Amino acid sequence: MISFLKKYVNKFRYAFGGLFHGITHDRSIFLQCLITVCVIIVFAFFHLTMIEWVIVLILIGSIIALEFINSAIETIVDFISPEYNEKAKIMKDYAAAAVLVMSIVAAVVGLMILKGKL
């Protein structure tokens, strides 16, 4: 039973380690987290409903999670293909595009929520 619990505690420790490392060593992840803080501060001044907060937090979580996935893909591609490779570039561009698409959707939804508050 102890080894079972230790195994799961370690999984959380590794996940939090990855979270901390990403925020402190990856500029894109740090920037997304900084934008998150700004968005939450701005939205705090508007009286959002519970469902609006849920939507905003899901979108924020999705963008940050995608940014971590994007950074992981870039790291893997750079490790596997340290020399310039057009296919490696395309893989990295696709991952970055996923973050961009989600960010645009989040911005549009955020503006729709704010428009209803003005």
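Glu52 is buried in this predicted model. Its relative accessibility is 16%, under the 20% cut-off for burial. The side chain of Glu52 forms a salt bridge with that of Lys117, at 2.9 Å from N to O. Lys117 is partly exposed, at 28% relative accessibility.

In total, the structure holds three salt bridges. Another joins the side chains of Asp78 and Lys92, with an N to O distance of 2.7 Å. Asp78 lies in helix H3 and Lys92 in helix H4, so this pair ties together parts 14 residues apart in sequence. Asp78 is partly exposed, with a relative accessible area of 39%. Lys92 is also partly exposed, with 23%.

A further salt bridge pairs the side chains of Asp93 and Lys89 at 2.5 Å, N to O. Both residues lie in helix H4, four residues apart, which means a separation of about one helical turn. Asp93 has a relative accessible area of 37% and is partly exposed. Lys89 is partly exposed as well, at 35%.

Helices H3 and H4 also pack against each other. H3 spans residues 50-80 and H4 residues 86-115. Their axes lie 9 Å apart, at an angle of about 170 degrees. H3 is therefore roughly antiparallel to H4, since angles over 145 degrees count as such. The contact of H3 with H4 has 17 nonpolar residues, three polar and five charged.

Methods. Residues are numbered from 1 along each chain as its sequence is written. This is a predicted model: local features need pLDDT of at least 70, side-chain atom pairs count only at pLDDT 80 or more; totals for chains, interfaces and linings use all residues. Side-chain values use heavy atoms; hydrogens and water are left out. Axes are lines fitted to C-alpha atoms, for helices over the stretch in contact, and angles run from 0 to 180 degrees between N-to-C directions. Helices (H or I, at least four residues) and strands (E, at least two) are DSSP runs, numbered from the N terminus. Angles under 35 degrees count as roughly parallel, over 145 as roughly antiparallel, 65 to 115 as roughly perpendicular and the rest as oblique. Ala, Val, Leu, Ile, Met, Phe, Trp, Tyr, Cys and Pro count as nonpolar, Asp, Glu, Lys and Arg as charged, and the others, Gly among them, as polar. A salt bridge is a side-chain nitrogen of Lys or Arg within 4 Å of a carboxyl oxygen of Asp or Glu. Buried means under 20% relative accessible area, exposed over 50%, partly exposed in between (1.4 Å probe, protein chains only).
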